[in-house]
Amino acid sequence: MTKVLVSDPIDHAGIDILSQVSQVDQRLGLSSNQLKEIIGDYEALMIRSGTQVNSEIIEAGVNLKIIGRAGVGVDNVDVPAATKRGVIVVNSPGGNTIAAAEHALALLLSLSRNIPQAHLSTISGKWDRKKFVGNELYKKILGVVGLGKIGSHVAKVANAMGMDVMAFDPFVSAERALQMQVRLSSIDDLFKEADFITLHLPRTSETENLVDAKLLSSMKQNARLVNCARGGIIDETALAEALNSNVIGGAALDVYSQEPLKNDSPLLNVKNNLILTPHLGASTAEAQQNVAIDVAEQIRDVLLGLPARSAVNIPGLSAEIMDSLKPHLQLAESLGLLASQVSGGQIQKIEVKLQGEFSQHPSQPLVIATLKGLLSSALGNRINYVNASLEAQGRGISVEEVKDEASPDFPGGSLQLRTFADKGTNSVTGTVLADGELRISSIDEFPINVSPSRYMLFTRHRDMPGIIGKLGSLLGTHNVNIAAMQVGRRIVRGEAVMVLSIDDPIPSELLTSILAVEGINQAHAVTF
Ligand SMILES: NC(=O)C1=CN([C@@H]2O[C@H](COP(=O)(O)OP(=O)(O)OC[C@H]3O[C@@H](n4cnc5c(N)ncnc54)[C@H](O)[C@@H]3O)[C@@H](O)[C@H]2O)C=CC1
Ligand SMILES: O=C(O)CCC(=O)C(=O)O
């Protein structure tokens, strides 16, 4: 039975799903070293934002297949390190959208009406109605930075409340903004014009300290800032200074550059115009159930050998694509595997040619599947859809894609893989029949018609009498049973290929004897 480690608090709905297929160990509050020590025992790790999964932990996870982040941001996972090791990283892109958007709105309202400060004053016995006079959001300008799922929901509610919404998001089109009744602007104009600003963008190398002293000082004096996205996007020292010197009206934060917030954080010295919550954006019962189910289902599927629907490190391979292209991906993988076993020498380049109907399919998944097949003889089960492109790059294998809409030979189109190695060029072509069966239709331009089977033998030989008999009796002597056989040639008594499907693997001494047969120039034992 597979083992899943859950190292952050996860809703029981997710644990129930995992428990159907795995042993689930819940170990909360592990230090980084403790996690590193035990991770080798697990196939899957499920986390929220509390666990930092660095490259050392990923390296130590020798059996790790998948890391599931029950939430959106995967900035606490070293995704490149996971990709390199072939570990799938999945998240729940939409499970906590509403929760985070509503928390941002709650912070906006808390800021505009001084709610936490008024609460503290009232429970201390005071009745101070003058000190806590606020502002309405109605008719004020809201600046949304990052108009994705959460930012869009905030914009929608803000519009309904009568706010004038502007946004900065370099990846959102003017049409989409118009649909949402949001006007797009530059970040500089947004910070200058808005009365309230809310951040909903990821933390990346580009967004780190995006909101710095300069941007803060360009804000209106009474403007207020909310960050319910990620710590580190705002320069916290600059923010503390801007608040203490009343350069801006106030701020409310849910996320911090270091979490939990450190005792020496400059934010803790801000006097009274700052509201802090401990990363509660996704903390609603509904969101926690959504993300736990979403991610647990994906972990379960991957452990059962099925695709994950929200993998952040498998480019272009959504569950729908995997499903609709299943036989095509299998063909691409089989051709890659075949090519790696018949081509001579170090492969430097491959050409993946999609012909006929194949050219209508997205090429990226087919290329990835081809690379996975190509590298699997060398890397075994270390290679998968996650790391195939990276491993190929690392080995200096370049990829060329060619699309050719014409396909004279096969109604369903075909996929041709050409390999360019230091010892020469080879090619294999295949197709998917109407019933989903795979066919290898040519090898090195010699026409054949075979389905890939577990063990096969491919030869290149001179077309001459007696050669097939010699080969058959050699296999018989070694007790290797032939299931099917085909010969392909272009001209009589010229060069030819022979393809045998066999029931048993070919021992190396048999391969040596086959190569010693007069007229046989090449022999390759292929395993699928
Ligand atoms: N406080 C909390 O508990 C939670 C925080 N989050 C955080 O909220 C953020 C947004 O989440 P979603 O809306 O679900 O993501 P999303 O991917 O739907 O939207 C992010 C948007 O940011 C935009 N963006 C990227 N770089 C940008 C830049 N340099 N300037 C302006 N816009 C930029 C993208 O184009 C995209 O539209 C994420 O960082 C996520 O981790 C999400 C859930 C809960
Ligand atoms: O797990 C959590 O509560 C944090 C949620 C979050 O920040 C996210 O989903 O990006």
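Predicted model: local features only at pLDDT ≥ 70, side-chain atom pairs only at ≥ 80, totals over all residues.
**Ground rules**

I number residues from 1 along each chain as its sequence is written, and chains are lettered from A and ligands numbered from 1 in the order in which they are written. Local features need pLDDT of at least 70, side-chain atom pairs count only at pLDDT 80 or more, totals for chains, interfaces and linings use all residues, and side-chain values use heavy atoms, with hydrogens and water left out.

**Entry 1**

My strands (E, at least two residues) and helices (H or I, at least four residues) are DSSP runs numbered from the N terminus. Two strands pair if DSSP finds at least two bridges between them.

Strand β19 (residues 455–462) and strand β21 (residues 495–502) run antiparallel and are joined by 8 bridges. I found Arg-462 bridged to Glu-495 in β21.

Contact, in all my entries, means heavy atoms within 4.5 Å.

**Entry 1: β13 and its partners**

Next I followed β13 (residues 347–355). Strand β15 (residues 414–421) runs antiparallel to β13, and 8 bridges join the two. Val-352 stands opposite Leu-417 in β15. With strand β14 (residues 398–404), β13 runs parallel through 7 bridges. Here I noted Asp-404 in β14 as the bridge partner of Gln-355.

**Entry 2: two helix pairs**

How do α5 and α7 cross? The axes of helix α5 (residues 97–113) and helix α7 (residues 149–160) come within 9 Å and cross at roughly 50°. The two are therefore oblique to each other. My angle classes are roughly parallel under 35 degrees, roughly antiparallel over 145, roughly perpendicular from 65 to 115, and oblique for the rest. On the α5 side, the residues that meet α7 include Ala-100, Ala-101 and Ala-104, and their counterparts in α7 include His-153 and Val-157.

For helix α17 (residues 467–477) and α18, the axes come within 10 Å and cross at roughly 160°. That makes α17 roughly antiparallel to α18. Leu-471, Leu-474 and Leu-475 of α17 make the contact with Leu-510, Ser-513 and Ile-514 of α18.

I call a residue buried under 20% relative accessible area, exposed over 50% and partly exposed in between (1.4 Å probe, protein chains only).

Thr-429 sits in strand β16 (residues 424–432) and is buried, with a relative accessible area of 6%. Its side chain makes a polar contact of 3.3 Å with the side chain of Gln-416. A polar contact is a pair of N or O atoms within 3.5 Å; within protein, one must be able to donate a hydrogen and the other to accept it, and residues adjacent in sequence count only if both atoms are side-chain atoms. Leaving aside neighbours within four places in sequence, Thr-429 contacts several residues, among them Leu-335, Gln-355 and Ser-441.

Leu-325 lies in the loop between α13 (319–324) and α14. Leu-325 is buried, with a relative accessible area of 2%. Not counting residues up to four places away in sequence, Leu-325 touches His-361, Pro-362 and Pro-365.

Asp-444 lies in the loop between β17 (438–443) and β18 (446–450). Is Asp-444 buried or exposed? Asp-444 is buried, at 12% relative accessible area. Which side chains make polar contacts with that of Asp-444? I found Asn-426 at 3.1 Å and Arg-460 at 2.7 Å. Beyond four places in sequence, the contacts of Asp-444 also include Ser-427 and Arg-490.

Key
Axes fitted to C-alpha atoms, helices over the stretch in contact; angles between N-to-C directions.
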